[in-house]
Amino acid sequence: MTPVNPVGDGTYWTMAAKTDAQWVPVAVSADILAGTVVPARLPTGPIAVWRSATGNLYANGDRCPHRGMRLSHGFVRGETLSCIYHGWRFGTDGACQKIPAHPSVTPPKTINCGPLHVAETNGVVWAAAKEPAEPPQFYPGYEALRSLVIVSTPAAIAAATNATIIDGAIQTTLGGQDAVLLMSPQGPQEVFILVLARPNLNLADRLAVSSALEALRRSAEAVEGAA
Amino acid sequence: MILYDYILSPSCYKVRLLASLLEVPLEVRPVDFHPGREHKSAALLALNPAGSIPILVDGDLILTESAAMLAYIAGQHGPGWLAGSNPVDIAQQQQWLAFSHRLTHALGGARLVEMLHFYGDLPALQASGIAALRELEAALFARRLSGGTFLVADAPSIADIACFPYVALAPDGSVSLDIYPSIRIWMRAIRALPGFIEMPGIHRLHELAPDPFEEASL
């Protein structure tokens, strides 16, 4: 049966491992508040991205090594991430620090939640399973505005913007403003889009970019639906 | 004030949640909605011919629509939770209260199919639920750009309480919330309100409670 839910239905899909050592855009920096954890995706699978109380960013697999609960359902206290299920607590290095049911036990170093590499540029959170050789791509004169998912393909999105894809991104105009669409395919029919805009835009211009992005989604999904 | 209540009903939870936030005592009468279908019993149909819950009874007043119950409780105990005299705020509050019915139909409908095996066109319910979530996400993103956290004006209102439960429980209908960052931040703000209470599927923010390890080391 074909899943009707576009994203996050719990399906663990995989793609070629060649993307392991590549920076992938996963979130807008401003969308991850200090002291919170959010779900995101790498081509290798679901991840949990969290910001500690002091504002440092970390990412790891979205799976507690204890019972498989999604760590993005968990919570951040200070500089640690805890699982919502049985409270296993992980440090910034991904190592398990505490097991509440066994308070006197020091967890062995082998228990960890699969720490990943993260970086932030232009208000974009990037993650990689293995450390890439280069820092993530920097787009001078742009900053992240918002993200959304389009149930379509990168090719259909490029067609809807009359632009070509360069380095996994589309440079175009949205709502009369310069915009860069960073794209991360989430499967055969879904693309995570993170839109960059000029940092000095006023409120009306930002809203115009956001509205044009919604219109682009309608257009790209209609193209896909007609195909 | 008597609330005819079902623990798994997001519409009943709206009323319990606002009452808790405003510290209003409720006399809760549990209704065996499933599998007993007690809401269709003669006694409850006499109170509410529509055969739905929640039902709020306060003296001679009988309310059968959750949005009306929110307006009644807020009007009596928390006028700040109602939009003020500004026509734009009043209209936007009405807009979101009406929007909450779309959430109930779409996301709530998908949830009833998935959880309680009700009859319904699941893919169609999920698709209209996703359309509503996209609309909410765009609106909340726009609110964030203006420095706002909640749906109307600068403070939480009955509009937020009316929309929150069916959104938060969307995954019960197999509709993911993973891809809506502004909805996530809005839900967190609601869950952080003093007096917030849980229902099955909507848990509180554990990080706001004292750290048990620090307590143990005292």
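Tutor: Two residues are in contact if their C-beta atoms, placed from the backbone, lie within 7 Å. This is a predicted model, where local features need pLDDT of at least 70 and side-chain atom pairs count only at pLDDT 80 or more, while totals for chains, interfaces and linings use all residues. Residues are numbered from 1 along each chain as its sequence is written, and chains are lettered from A and ligands numbered from 1 in the order in which they are written.

Student: How many residues has the largest nonpolar core?

Tutor: It has 116 residues. Such a core is a set of buried Ala, Val, Leu, Ile, Met, Phe, Trp, Tyr and Cys residues joined through C-beta atoms within 7 Å, and buried means 20 or more other C-beta atoms within 10 Å of the residue's own, again placed from the backbone. A:A127 is among the residues with the most contacts inside this core, along with A:V26, A:V49, A:V195, B:L18, B:L70 and B:V167.

Student: Which helix gives the most to this core?

Tutor: That's α6 of chain B, residues 158-168, with nine residues. Helices (H or I, at least four residues) and strands (E, at least two) are DSSP runs, numbered from the N terminus.

Student: Why would nonpolar side chains be buried together?

Tutor: In soluble globular proteins they just tend to be.

Student: New topic: how many residues from each chain make the contact between A and B?

Tutor: Chain A puts in 27 residues and chain B 23 residues. On the chain A side, β2 (36-42), β5 (75-77), β11 (143-150) and α2 (203-226) give two or more residues each. The largest share, five residues, is from α2(A).

Student: And what classes are on that side of chain A?

Tutor: There are 14 nonpolar, six polar and seven charged residues. Here Ala, Val, Leu, Ile, Met, Phe, Trp, Tyr, Cys and Pro count as nonpolar, Asp, Glu, Lys and Arg as charged, and the others, Gly among them, as polar.

Student: What domains does chain B have?

Tutor: Domain 1 (2-80) and domain 2 (81-191), with bounds from an automatic or database domain assignment. Their centres, over C-alpha atoms, are 20 Å apart. Where they meet, domain 1 of chain B gives 15 residues and domain 2 of chain B gives 14 residues. On the domain 1 side, α1 (10-21) and α3 (66-77) of chain B each supply at least two residues, and α1(B) gives the most, six residues.

Note on methods
A residue is buried if 20 or more other C-beta atoms lie within 10 Å of its own, exposed if 12 or fewer, and partly exposed in between; C-beta atoms are placed from the backbone.
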